[in-house]
Amino acid sequence: MLKIITSKSQFIHERNSYTQDINIGFVPTMGNLHDGHLSLLEKALEEFPVVVFTIFINPKQFGPHEDFKKYPRTLDADIEKIKKTLSSYSMKDVLVFAPSDPQEIFPQDSNLKVSVHKLNSILEGELRPTHFDGVTTVLFYLFKIIRAHKVYLGLKDYQQFIIVKKMIKDLQISMIVEGLPIVRESNGLAMSSRNQYLDEKLRESSSHVYQTLKRLKVMMDFRKENLSLVRKQINTIKNQSSGHWNYLEIVDSETLDYDLTKSDKATIVAAYQQGHVRLLDNVQLEFKK
Ligand code: AMP
C-alpha cells in the first residue's frame with residue numbers, strides 16, 4: 001500500500017497507527033528520482049514491512065547562490081516510480097512523506113543547528129560551508145518524527161554518509177545506517193538529479209571522472225607503499241585540469257583524514273566542475289595486510 005502524506009500532523013497520525021513493535025526503514029531524498037534513489041527503496045523494501053520515503057527539498061542545505069529555486073520538482077513522476085518499484089513487493093507499505101512547506105519540518109521559532117564539527121568543514125564542506133549542517137539539522141528532525149530502525153543512504157555522497165553515521169553515534173540514536181553502492185549511467189557517470197543540467201556532450205565527457213578514479217585505484221594496487229606515487233599522479237592530474245577538480249584526494253574511509261598511517265581502508269573522493277554542475281564521485285580502496 002502506498003500513502004502520500006504532505007503534513008507533519010498527518011504523518012504522525014499514520015506513524016502512530018502502526019503497532020509499537022513495527023520495524024521501519026527510512027529513505028531520505030530530495031526527489032527527482034533516478035535508479036540510485038530507487039536502489040535504496042528496493043533495499044529498504046526487502047528488509048522492512050514499512051518504508052518511509054521522504055521527498056523534501058531542504059532549503060537549509062543550499063548555499064545562498066545555489067540552485068534551491070530551480071532544483072527539479074517532479075513529485076508526480078516520482079510517485080509513479082515509487083509505485084512501480086512497490087508493485088514487486090506485495091504486503092509492504094510505503095509512506096511517502098513530501099512536506100508541502102519547510103515549516104512542516106522546522107518549527108518556526110527554532111534556533112537549533114546540528115553540526116558534526118571538523119568533518120563538516122573539509123572537502124565538500126570547504127566549498128559549501130553551510131551544507132552539511134543543513135543536512136544534519138533536517139535529518140535530526142526527520143529521525144525524531146519518523147522513528148525508523150534503519151536509514152539507507154547512498155555512498156555517492158560519501159562524506160555525507162560518514163557525517164550522518166557520526167551524528168547518529170554522537171547523539172546515541174539507536175538506528176542502523178547503511179550506505180549502498182553508487183548506481184551509474186552506462187558510461188560510468190554516477191547518477192545524480194543535477195546531471196540533467198548537463199548537455200549531451202558534457203554528459204558523455206563526464207565519464208572521465210570515474211575512469212580517472214578507477215585508474216588511480218588500479219595504480220594503488222591494494223598497497224599502501226604506492227601511496228606517495230599515486231598522490232604524485234593525483235597532483236599531475238590536478239595541475240593539467242586547469243582547476244576543474246574541486247578536490248581529488250585519498251582519505252581514510254572512516255575519519256576522512258589525509259594521514260593513512262593507521263588506515264585499513266581508504267577512499268578516493270572527488271568533485272569535478274563540469275560546466276555548471278559539480279560531479280561527485282568516489283571509489284573505495286583496501287590495503288593488503
Ligand atoms: P538526494 O536526493 O540527492 O539528496 O539523494 C538522496 C539519497 O540518494 C542520498 O543518500 C544519496 O546519496 C542517494 N543517491 C543519490 N545518487 C545516488 C546514486 N547514483 N547511487 C546511489 N545512491 C544515490
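Predicted model: local features only at pLDDT ≥ 70, side-chain atom pairs only at ≥ 80, totals over all residues.
# Around the ligand and along the chain

The residues of the shell around the ligand fall into eight nonpolar, six polar and two charged.

How many residues surround the ligand? There are 16, and the closest are H37, G154, D157, V183 and M191. Some of the shell can be traced to named elements. Strand β2 (24-29), helix α2 (35-47) and strand β5 each supply at least two residues. Which element gives the most? Helix α2 does, with three residues.

Now look at the oxygen atoms of the ligand. One lies 2.9 Å from a backbone N or O atom of M30. The side chain of H37 also takes part: an N or O atom there is 2.9 Å from an oxygen atom of the ligand. At G154, a polar backbone atom is 2.9 Å from an oxygen atom of the ligand. How much of the ligand does the protein cover? On its own, the ligand has 490 Å² of accessible area, and the protein covers 92% of that.

Next, move to helix α3, which spans residues 75-86. T85 sits in this helix. Is T85 buried or exposed? Its relative accessibility is 8%, and buried means under 20%, so T85 counts as buried. The side chain of T85 reaches the backbone oxygen of K81 at 2.9 Å. T85 also has partners from elsewhere in the sequence. Leaving aside neighbours within four places, T85 is in contact with L38, L41, E42 and L45.

Helix α6 comes next. It covers residues 158-170, which makes 13 residues. From its first C-alpha to its last, α6 reaches 18 Å, close to the 18 Å expected at 1.5 Å a residue. Which residues of α6 are buried? They are Y158, Q159, Q160, F161, I162, I163, V164, M167 and I168. An α-helix has 3.6 residues a turn, so residues three or four places apart point the same way. What do the buried residues of α6 pack against? Two helices are among the partners: α4 (124-127) and α5 (131-146). The strands β5 (150-154), β6 (176-180), β8 (265-274) and β9 (277-286) are partners too.

Follow the chain out of α6. Just after this helix, Q172 takes a positive phi of about 55 degrees. Most residues other than glycine have a negative phi. Q172 is a residue other than glycine, yet its phi is positive. Where does Q172 sit? Its place is in the loop between α6 and β6. Q172 counts as exposed because its relative accessibility is 71%, and exposed means over 50%.

D221 also has a positive phi, near 50 degrees, and is a residue other than glycine. D221 lies in the loop between α8 (207-220) and α9 (227-239). Its relative accessibility is 33%, so D221 counts as partly exposed.

P181 is in the loop between β6 and α7 (200-205). P181 has a relative accessibility of 61%, so P181 counts as exposed. How far apart are the C-alpha atoms of P181 and S228? They are separated by 27 Å, and the two residues are 47 residues apart along the chain.

How values were computed:
Residues numbered from 1 in each chain as written. Heavy atoms only, no water. Helix = DSSP H or I, 4+ residues; strand = E, 2+ residues; numbered from the N terminus. Buried < 20%, exposed > 50% of the residue type's maximum accessible area, 1.4 Å probe, protein only. Polar contact = N/O pair within 3.5 Å; in protein donor to acceptor, adjacent residues only side chain to side chain. Contact = heavy atoms within 4.5 Å. Expected span 1.5 Å × (residues − 1). Near = heavy atom within 4 Å. Areas by Shrake-Rupley, 256 points an atom, 1.4 Å probe, with all protein chains shown as cover. Nonpolar A, V, L, I, M, F, W, Y, C, P; charged D, E, K, R; others polar.
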